[in-house]
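Please read them with the coordinates open.

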Amino acid sequence: MSGMLVKRLFRIALWGCLVLPLAANGGRPPRQFSLQAESPKFWELVPKDAKLSVLIGGLGFTEGPVWDPRGFVYVSDEELNKIFRIDPDGRKEELISLGDPDGNTYDAHHELIDCASVLRAIIRIQSDGHYQVLADKYQGKRFNSPNDVVMGPDGAIYFTDPTLDLPKGDKQELDFQGVFRLDAQGKVTLLTKDLTQPNGLAFSPDGTRLYVDDSEKKNIRVYDFQAGTVSNGRIFGEEPGGKGDGVPDGIRVDQAGNLYVTGPQGLWVWDSSGHHLGTIVVPEQPANLAWGDSDWKTLYITATTSVYKLKTNVSGFVPYLAAAK
């Protein structure tokens, strides 16, 4: 069995909601795009007549979208082992060939930061495709498989390190799955290790909260954040689902502090108090998302083999833009 097939089967078992042809999907029809409101506030954020469009399809397993103000989006493909630049017309151009790239972000200097699973490292990628390893160890032990990354309100890089993509045959050196801080001098600090499989993460617009998904526990945790440290970890919300429905993964926040979190069937929308406002059902199970377009009101959604676009009523909170102000 090929390594790629093994990984595909692993992802089916973990996220469980990959949209396959009818015969290969247990006889179930593919999902249809729909908007399911749990609160009237949902319609303040997402138009009732919102249309979901496909930017590009036919990829392997899409992750880590980052919108560039020059008018394109970077997307990781974990099966094709590349990061692509995707233009508005759907044309793709390879930025780098890299074993299992995952979550991405821009830092305060508008440089692309990637979670490189095979390297087990956080790397910075230049526009010509060359990269620099920023960190690959904590206290002399290699990371598991860095998964998602965000720039913090203090300009440092924050990332999760589950074992979800630990390369086959590699030894786990850390005996926990942590959330880490990486400062400009290359110092790595452990924030917390109380999640079983930490995945997506995001800061509140005012910088006082850090949200982290736990894909295994199917919940979202929130921490109070101050001066590069976290405290008072607690459950913010649960995203339960049946077998094959998908789990919490990527997170984004809008300017008002509402959360958009991948979960069963698509994207779950939450207000800042932990109320589930509604769900954006996506045909293919999403893994991550990013705000984009000139007004930052469009969600770019990486969902299995495709990248989708959805125009909303609100502007997204984009940490590296806030740092540039």
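1. Helices (H or I, at least four residues) and strands (E, at least two) are taken as DSSP runs, numbered from the N terminus. On that basis the protein comes to 3 helices and 27 strands. This is a predicted model, in which local features need pLDDT of at least 70 and side-chain atom pairs count only at pLDDT 80 or more, while totals for chains, interfaces and linings use all residues. Residues are numbered from 1 along each chain as its sequence is written, and side-chain values use heavy atoms, with hydrogens and water left out.

2. On overall dimensions, the C-alpha trace spans about 50 × 50 × 40 Å along its principal axes. The radius of gyration, taken over C-alpha atoms, is compared with a globule rule of 2.2 Å times the number of residues to the power 0.38; for 325 residues a compact globule would come near 20 Å, and the 18 Å of the protein agrees with this. Buried residues (under 20% relative accessible area, with exposed meaning over 50% and partly exposed in between, for a 1.4 Å probe and protein chains only) make up 58% of the 325 residues. Of the contacts (heavy atoms within 4.5 Å) with a separation of 6 or more, 48% are between residues 24 or more positions apart.

3. Which strands stand at the edges of the open sheet, each with a single partner strand? The sheet has 5 strands in the order E1-E24-E23-E22-E21, with antiparallel pairing, where two strands count as paired if DSSP finds at least two bridges between them. Strand E1 (34–37) and strand E21 (251–253) are the edge strands, so one side of each is left without a neighbour in the sheet. The twist averages 20° from one strand to the next, the axes being lines fitted to C-alpha atoms (for helices over the stretch in contact) and the angles running from 0 to 180 degrees between N-to-C directions. Within this sheet, strand E22 (residues 259–263) is joined to strand E23 (residues 266–270) by 5 bridges, and glycine 263 stands opposite glycine 266.

4. Strand E4 (residues 72–77) deserves a separate look. Each of its residues, 6 of the 6, is buried, so the strand is largely enclosed by the rest of the structure. In a regular strand the side chains alternate between the two faces of the sheet. In E4 both faces are covered, with Phe72, Tyr74 and Ser76 buried on one side and Val73, Val75 and Asp77 buried on the other.

5. The neighbours of E4 can be taken in turn. Strand E3 (residues 62–68) runs antiparallel to E4 and is joined to it by 5 bridges, with aspartate 68 having phenylalanine 72 as its bridge partner; the two strands form a hairpin with 3 residues between them, and glycine 71 in the turn has a positive phi of about 110°. E4 is likewise joined to E5 by 5 bridges in antiparallel fashion, valine 75 standing opposite phenylalanine 84, and this hairpin has 4 residues between its strands, including asparagine 81, whose phi is positive at about 60°.

6. A nonpolar core is here a set of buried Ala, Val, Leu, Ile, Met, Phe, Trp, Tyr and Cys residues joined through side-chain atoms within 4.5 Å. The largest one has 61 residues, of which Tyr74, Phe143, Phe180, Tyr260, Ile280 and Ile301 touch the most other members. Leaving aside neighbours within four places in sequence, tyrosine 260 is in contact with residues including Leu45, Ile251, Trp268, Trp291 and Val314. Apart from this core lies another, of 13 residues, among them Leu191, Leu195, Val212 and Phe225.

7. The whole structure holds 11 salt bridges, each defined as a side-chain nitrogen of Lys or Arg within 4 Å of a carboxyl oxygen of Asp or Glu. One of them joins lysine 82 and glutamate 94 at 3.0 Å, N to O; lysine 82 lies in strand E5 (residues 82–86) and glutamate 94 in strand E6 (residues 92–97), so the pair ties together parts that are 12 residues apart in sequence. Lysine 82 is partly exposed at a relative accessible area of 21%, and glutamate 94 is partly exposed at 41%.
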